[in-house]
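The entries follow in the order I made them.

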Amino acid sequence: MQINKQIGEKIKIFRKELGLRANKLSELLSISPSYLNLIENGKRNIDADLLLKICQELRIELSDLKNDSNVNLENSKIAISKFVKDNKFKKLDLKIGPKIKAFRRQLGIQANKFSEQVGISPTYLNLIEGGKRKIDGDLLIKISKELRVELSDLTSKSDINLENDISELLDDQLFEDLDILGPEVKDLVSTNPKIARALIKLGDNFKQKDHEIVNKVENISSKIIDSRKTSFPGEVISDFLQENKNYFPKLEKFANDIFDKVQKNKRTRYIALCDYLKKKYSITVKDIIPEEGKPFSKIYNKSTKELLLSDYNSLETKKLHAAAQIAQEGAIDIISEYLSKFNFPSNESKRLTQVALLNYCGAAILMPYKLFHTECKKLKYDLELLQNTFATSFEQVAHRVTCLQDPELPGIPFHMLRTDIAGNISKRFSLSGIEIPRYGGACPRWNVYSAFTRPGVIQAAVSRMTNGEKYVCIARTVEKGVGRFGQSKSILSIGLGCEAKYAKEFVYTENLDISDKKTEIPIGVSCRTCDRLDCSQRAFPPLHKKFDVDINTRGVSVYVNDNN
């Protein structure tokens, strides 16, 4: 059982590197400490579900456990049921069979040929790919080797919002008579994610066309005739970033090369960026006060090669504009390459995504990956300290910490959203696992909304979703607009969070008791997709439960009664 010994030894090494005690890891895995000890000493095999869960808790890939020169794949699994805690051990609902099938087809490998490569029968492979058979750890490693895939490929969180997006889409009155329930949505997303994405694109297109028609009628009639929700190109940007895990290595390399040329004392200065634009691209940067009634943030005049930056901008915003202009001049081909790999529904959404990548690259010039990663680890992601260290804005830092997804030097997988005081979500991205709504506002219990009650103050909370998953979430308001007396500014709230298991690495948990269930805030995704019936802030009945009005009975809200 050579493979088990090698895997066990490496599991022990990675566990100690994380500073995890054996009893803590065994608790996270829902197995006994004695069984974990047998695994780490190579005396027990591991089934696929447990192996994947170990990789997730240790934040490693399957390849980290491989050693192809010494691996013996002939051994099969040994049942672990008698070693685990009764009634607490749950198989991971990863549904990796359909994903294995998808990767096999992408490589153009026939099922009978692939079954021969991994040493199983075509019938058994068919059962695995159909999600009807579990896989042991040895076979999973062999399959991942043949398909050249990693744990992150099989358990990718790129579809993290897909189930919720489909639920929101089906909330439309057009589908009311079909009575589609939550489990049916889950089955569709888990077995046919491509079809689910196709439905989202159709839904976005329908809502956009519908919205355009309504706007035209309202303009002609001068009457508001509809207030239905619609999609907008910003959602496409979110989809693009989600698909790429908000990490673009070629832009990181370009940004790092620029940083090496302009940095002074390991920092990027505004004047240095302006000098580089002048020397390298003959572009002159001018700070000017906009004319009365003609506000702007930046104007680039190609003919005169002048970049005009409004003096109403903060210095941090000016730095980002200057750095983004460098990216526009030197990295536009790299950006075009990334854009070419995504199917955009409109030219407008493609151009907006291009702007997003220019800003991504600009932020990477201000906060280069390795240096920023080092500071994040040292400061435990203290956003205000990072903001001061790199002379950037709070929102810029919040964006940047979500980009640390280099497999060789990863950061905490965060989620981020930005909302206005009316609840409109203008930016959203999730690697943490939390679901963020696509078409409407999020759960009112999220602290991204309560942050408006204390402007400028970071609020931290432990949030628990309906499926039991816990997240550490922080939120703070920021002001956007011109910096001139008498001019109104918009107030937005930035929400950032991660899974509770990263609490020790996140400074904002120092005053929180993660283990105290009394301090947890129960939240959902949105009222229509949330099944909590004890919420007094429910604005709509849950989509997946029958709703009947009873004039004699009322729960904590009008949408909850004994009949529900």
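I looked up the surface first: the protein chain exposes about 29000 Å² (Shrake-Rupley method, 1.4 Å probe), and carbon and sulfur atoms supply 50% of that area. This is a predicted model, where local features need pLDDT of at least 70, side-chain atom pairs count only at pLDDT 80 or more, and totals for chains, interfaces and linings use all residues. Residues are numbered from 1 along each chain as its sequence is written, and side-chain values use heavy atoms, with hydrogens and water left out.

I then turned to helix α14 (residues 249-262) and helix α17 (residues 332-340), whose axes come within 10 Å and cross at roughly 170° (lines fitted to C-alpha atoms over the stretch in contact; angles from 0 to 180 degrees between N-to-C directions). The two helices are therefore roughly antiparallel (over 145 degrees). Pro249, Lys250, Leu251 and Phe254 in α14 meet Ile334, Ile335, Glu337 and Tyr338 in α17 (heavy atoms within 4.5 Å). I counted six nonpolar, no polar and two charged residues in this contact.

Last, I checked burial along α17. Ile335, Tyr338 and Leu339 are buried. They cover an arc of only 100° around the axis (directions from the helix axis to the C-beta atoms), which puts them on the same side of α17. On the other side of α17, Asp333 and Ser340 are exposed (over 50%).

Note on methods:
Helices (H or I, at least four residues) and strands (E, at least two) are DSSP runs, numbered from the N terminus. Angles under 35 degrees count as roughly parallel, over 145 as roughly antiparallel, 65 to 115 as roughly perpendicular and the rest as oblique. Ala, Val, Leu, Ile, Met, Phe, Trp, Tyr, Cys and Pro count as nonpolar, Asp, Glu, Lys and Arg as charged, and the others, Gly among them, as polar. Buried means under 20% relative accessible area, exposed over 50%, partly exposed in between (1.4 Å probe, protein chains only).
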